[in-house]
Each structure stands twice: as structure tokens, then as C-alpha cells.
Amino acid sequence: MASLLYCSASIAVSAQSRCRIRSLPSMAVPRKRLVVRAGETDAREVKPTAPESAPAGSGGSSFNQLLGIKGAAQETNKWKIRLQLTKPVTWPPLVWGVVCGAAASGNFHWNVEDVAKSIVCMLMSGPFLTGYTQTLNDWYDREIDAINEPYRPIPSGAISETEVITQIWVLLLGGLGLAALLDVWAGHKFPIVFYLAVGGSLLSYIYSAPPLKLKQNGWIGNFALGASYISLPWWAGQALFGTLTPDIIVLTVLYSIAGLGIAIVNDFKSIEGDRALGLQSLPVAFGMDTAKWICVGAIDITQLSIAGYLLGAGKPLYALALLGLIIPQVVFQFKYFLKDPVKYDVKYQASAQPFLVLGLLVTALATSH
């Protein structure tokens, strides 16, 4: 689900990745022929030159390196580089989605078995399938990263092509294996968690890889990413402990519009590379000023609509709680994001998104009663 959940994607809350499916989720790298490939790159893509090896001692942050976010130190330890490719900073939204789904099911109990099931589901959604999605996205984004972030592991040559492809397959198969285990553990006659994981993984692939490469379209790609970060992990958590109902599917898909807005936040920092390679992200298509209002509109209007739904469903206290969580988000939008979406993107996401994810939990608890 992480890839399912994942592309699951970049909710990033990722904050920083562009799968970035967020939910399947050229440069001077060695060009040896491989038996197993994740796919072919777009023949029309620009192929900028990148450093042949990672420069040493860049003065960046080792902490940022481990989280896979901007300002990372250059690293030579292969395991740290592998972790960086999975972008751990993007895992929490998927993990939180599982929590919301479990809460919405109304059947989660604080006993050893249910806690163990939820932890396995979180591992599937976060480290495995989101890690798969992020590594896959970085692989297909290596041309763009050579322009926007040439210090990243793949364009810098810090990790080989074979090692990246191997990591993609290990994470994908590991995540699908955990999904199958969860279905058996839950006693499902129909392996719904496994099929959600497969669907999310496929969505991650077509998000990043040609010929479809959904991320080339700002609307479709960002909505797919938002759905992978909100809907898919929620569905997995709810299906694991209860029944996935049509009203929940509709509600979470609607919430994914807010995920679309969050995904747009991450497009501003990549506008130069996106424009050079012909990717129609919303900041490229509409310009930064218009795109930033589309972004906050998608986030705020979606949450206000959900609050209205809860009020109409006879849950006024939950609706008021959600409204109370929207207000600080609007404050931080004006304080940071609308002033300069590139300069303040990290500050904005760190300040505003905790309130959005708390709103998800409020909605999940409302639907469980």
C-alpha cells in the first residue's frame, strides 16, 4: 500500500519527494546492459551531465541525508545511501493513513495481536512500498534531478544502476509479501490487502515511468499522488480490521483532493527541471502565482467540504473540531507559503501539515461512530 499507498504519494508530506505512486511508487551512471529492468526511460528526455561520483564533504546535514530531504550531506556508505533513496521523511503520512483506517473500522482493539497487525501494515505501507515508490521515482527522475538536485545519489553516481534496480525489486516484493501475510493473518477469504498493495504499486509505476508517466500531467499526477498518500493506506488499515464500505471510499477519494494540493507544494522547487524536460506541473502550466492559490484552495476547500459532510451526518462536534484544525493551516499558508512557496516550503509543511493529518484522524473517528 505504500506504493499502493504510496506512490504513496510524495500525502509528503513528504514532503519532499515527487513520486513521488504517495502510492505501481542521462547522466554519467554506468550504462551496462541488465537482465532485469524497471523500465525504459523516455527517449525524448534531455540527458544532462552529472558528476561521476558523489563529492565528498559537501557540508550538508547527515540527518537530512538519512531522511532523504534537501540539504543532505554527501555520503559514501551504501546502506545510508539506500535509506536516503527510500526518503523516510515521506513514510509518516502512509503510516498515519493506516492508523486512520484502523480507527475508522471501529474494530481495532488495544491488544497484542491488533497492535502487531497494525505495525506490520505500517511497515508494508511505509518502509517497503513507499520506499519502493520513492526509489522508483528517483530512478526515472534522474534526468530532472541532474538539473534540480545533482547531488542526489543516482545523478551523482554514488550508487550504481544495478544496485538501484535491485533495491526496487526487493522493496516491491517485500511489501507484497507482507500484504499477503496480513490477509492470511486477518482470515480474509478475498485477499483485499494484497490487491490494494498490487494496485498501489502499479499506480506508483505508471506515475513515474513512461509511456504513461502520470506525473507529466500536473492534475492527474498530483491527484494520483494524493490518493496514494491518503486513500490507499486508509483503505488498507480499514480492510485489515473491518469492512471497506462505499461511503468511506468516496470520503477518502474526496480527501485526496487535499492530497493533490499537498503534492503541488513539492512542485515549486522543481520548476526549473520540469520546464526544461517538458513536464506540465501546475507551477509550470499556470505560473507560480496562480499555482500557489490552486494549491491552498484544494487543501482548504476539501477540508471545509468534509466538515460540511460531518455536520450534515449529525456529527457537529467532529465538524467543529475539523474547522478548528483548518484555521491554523490557513494562518501558516499566509505566513509562509503564499509569500514564497519555494523559500518557505519546508517551514510551511512542517507548520501546517500536522493540523491536516490530525483532521484526517478526526474524520476517521467520526466515521467509526
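Accessible areas here come from the Shrake-Rupley method with a 1.4 Å probe, and for residues only the protein chains shown count as cover. On that basis the chain exposes about 14,500 Å², of which carbon and sulfur atoms supply 68%. The structure is a predicted model, in which local features need pLDDT of at least 70 and side-chain atom pairs count only at pLDDT 80 or more, while totals for chains, interfaces and linings use all residues. Residues are numbered from 1 along each chain as its sequence is written, and side-chain values use heavy atoms, with hydrogens and water left out.

## Overall make-up

The chain holds 15 helices and 0 strands; both are DSSP runs numbered from the N terminus, with helices being H or I of at least four residues and strands E of at least two. Of the 369 residues in the chain, buried ones make up 59%. Buried means under 20% relative accessible area, exposed means over 50%, and partly exposed lies in between (1.4 Å probe, protein chains only).

## Salt bridges

Side chains of opposite charge can pair when their charged atoms come close. A salt bridge is taken as a side-chain nitrogen of Lys or Arg within 4 Å of a carboxyl oxygen of Asp or Glu, and by this rule the count comes to 7.

| Pair | N to O distance |
|---|---|
| Lys-87 and Asp-138 | 2.6 Å |
| Glu-113 and Lys-117 | 3.8 Å |
| Lys-292 and Asp-289 | 3.6 Å |

The side chains of Lys-87 and Asp-138 form a salt bridge at 2.6 Å. Lys-87 is buried at 2% relative accessibility, and Asp-138 is buried at 4%.

Glu-113 and Lys-117 are 4 residues apart in helix α4, so about one helical turn separates them. Glu-113 is partly exposed at 42% relative accessibility, whereas Lys-117 is buried at 9%.

Lys-292 and Asp-289 are 3 residues apart in helix α13 (residues 288-312), which again means a separation of about one helical turn. Here Lys-292 is buried at 12% relative accessibility, while Asp-289 is exposed at 56%. Elsewhere, salt bridges that share partners join Lys-87, Asp-138, Asp-145 and Arg-152 into one network.

## Backbone geometry

Most residues other than glycine have a negative phi, and most peptide bonds are trans. Lys-87, although not a glycine, has a positive phi of about 45°. Lys-213 is also a residue other than glycine with a positive phi, near 40°. Lys-213 sits in the loop between α8 and α9 and is buried at 3% relative accessibility. The loop between α8 (192-208) and α9 (218-241) also contains Pro-211. The peptide bond from Pro-210 to Pro-211 is cis, with omega near 10°.

## Surface patches

Patches are made of residues with over 30% relative accessible area and no salt bridge; like charges are joined within 9 Å, and nonpolar side chains (Val, Leu, Ile, Met, Phe, Trp, Tyr) within 5 Å. For charges, Lys and Arg count as positive and Asp and Glu as negative, with His and the chain ends not counted. The place of a charge is NZ of Lys, CZ of Arg, CG of Asp or CD of Glu.

Lys-335, Lys-339, Lys-343 and Lys-347 form a positive surface patch. One of these, Lys-343, is placed in the loop between α14 (316-337) and α15 (345-368), and it is exposed with a relative accessible area of 59%.

A nonpolar surface patch of about 400 Å² is made by Leu-304, Leu-317, Leu-320 and Leu-323. Helix α14 gives the most to this patch, with 3 residues. Leu-323 lies in α14 and is partly exposed, with a relative accessible area of 34%.

## Two residues and their contacts

Contact means heavy atoms within 4.5 Å. Ser-118, in helix α4, is buried with a relative accessible area of 8%. Apart from neighbours within four places in sequence, Ser-118 is in contact with Val-98, Phe-108 and Phe-241.

Trp-293, in helix α13, is partly exposed with a relative accessible area of 48%. Not counting residues up to four places away in sequence, Trp-293 touches Phe-334 and Leu-338. Trp-293 and Gly-261 are 32 residues apart in sequence, and their C-alpha atoms are 9.5 Å apart in space.
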